[in-house]
Amino acid sequence: MMISIGGGSSSSAGASSSSGVRVKGRGKPGVAAAGAGAGAVRTKWRSGTQEKIYGRRLLDALRATGAGGGGAPPQPRAVKAAADSALALTARGQSRWSRAILLAGAASSRRRVLVKAGGKIRRHRRPQARAAAAAAKAAAAAAAGETPMLKERKVKERLRVLGRLVPGCRKLPAPVLLEETADYVAALEMQVKAMRALADALAAAQLSSSPQQAEAAGDESQMER
Amino acid sequence: MSSRRSRSRQSGSSRITDEQISDLVSKLQDLLPEARLRSNDRMPSSRVLQETCDYIRNLHREVDDLSERLSELLATSDMSSAQAAIIRSLLM
């Protein structure tokens, strides 16, 4: 799989992730649009063109997993990995989450064993410590009544959870994280829509012994959305 | 690299105001399906973030389910019909 990371202007953005606060000065198009709003992000991902591009990439990725009657059928995990890397490619590596997915995909085949062992241990320990501390804080503050400081803590905690959900966004300052989230949510919606369309179309193609049956199944999937 | 990160975090908390954050969060709210249904003017930031986390988890789960479904479908069909299927679905 060929990986080309970043367009022209954002190619330098991959170098230092720590200067997220001062990104505005760099003229990175994504961040400048963050003020302009989530609407632009949503429009970009909802346009038919993105979905078409994604569909083709998805097919390529699925073919690469060896699907198609000849070899063994692809595992659901492999399908998901194909879908995610196709999504990241469609994003053209212009966002942090897409770059994180591409890098993870490239590295995982080599380092899978190590990552699994290390990652699992850490994942079990940390959330417990954090959750306990957060619960203690919440209990103490609840007695005192909700203050602006409690609200801020809640927000910070939720931001941290959010950072764990979006790939490659664990330690980002809030504005950058929120911008990545907006893009990621819109991309995920498109991914779901495209995968569902493909699954419905495949199912319809299999059912159809006659053209009318295929059309009927196709109409049903249209009505869902 | 870690020192740079901690410095940006310190200066970050003074430069990024709460107002900025709640402004961005309200824009995030527009992306949530619930916001469209309720036409709610303001949800508290923590609530929006909570909803966003739940929404992302839901979407992840949908992708997993669809991956299962596609895995089963691909086991019983061949790639050429999958290509025809996608072209049809994209043009529809």
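Helix axes are lines fitted to C-alpha atoms over the stretch in contact, and angles run from 0 to 180 degrees between N-to-C directions. In this predicted model, residues are numbered from 1 along each chain as its sequence is written. Local features need pLDDT of at least 70, and side-chain atom pairs count only at pLDDT 80 or more.

In chain A, helix 4 (residues 76–90) packs against helix 7 (residues 174–207) at an angle of about 125°, the axes being 11 Å apart. The two helices of chain A are therefore oblique to each other (angles under 35 degrees count as roughly parallel, over 145 as roughly antiparallel, 65 to 115 as roughly perpendicular and the rest as oblique).

**Residues at the contact**

From helix 4 of chain A, A:Ala83, A:Asp84 and A:Leu87 meet A:Ala187, A:Met190, A:Gln191 and A:Met195 of helix 7; contact means heavy atoms within 4.5 Å. The residues of this contact comprise 5 nonpolar, 1 polar and 1 charged.

**Chain B and B:Glu51**

Chain B has 5 helices and 0 strands, helices being DSSP runs (H or I) of at least four residues and strands (E) of at least two. Of its 92 residues, 39% count as buried, that is, under 20% relative accessible area with a 1.4 Å probe and protein chains only.

B:Glu51 lies in helix 4 (residues 45–76) of chain B. With a relative accessible area of 13%, B:Glu51 is buried. The side chains of B:Glu51 and B:Arg47 are joined by a polar contact of 2.6 Å (a pair of N or O atoms within 3.5 Å, one able to donate a hydrogen and the other to accept it; residues adjacent in sequence count only if both atoms are side-chain atoms).

Conventions. Chains are lettered from A and ligands numbered from 1 in the order in which they are written. Side-chain values use heavy atoms; hydrogens and water are left out. Buried means under 20% relative accessible area, exposed over 50%, partly exposed in between (1.4 Å probe, protein chains only). Ala, Val, Leu, Ile, Met, Phe, Trp, Tyr, Cys and Pro count as nonpolar, Asp, Glu, Lys and Arg as charged, and the others, Gly among them, as polar.
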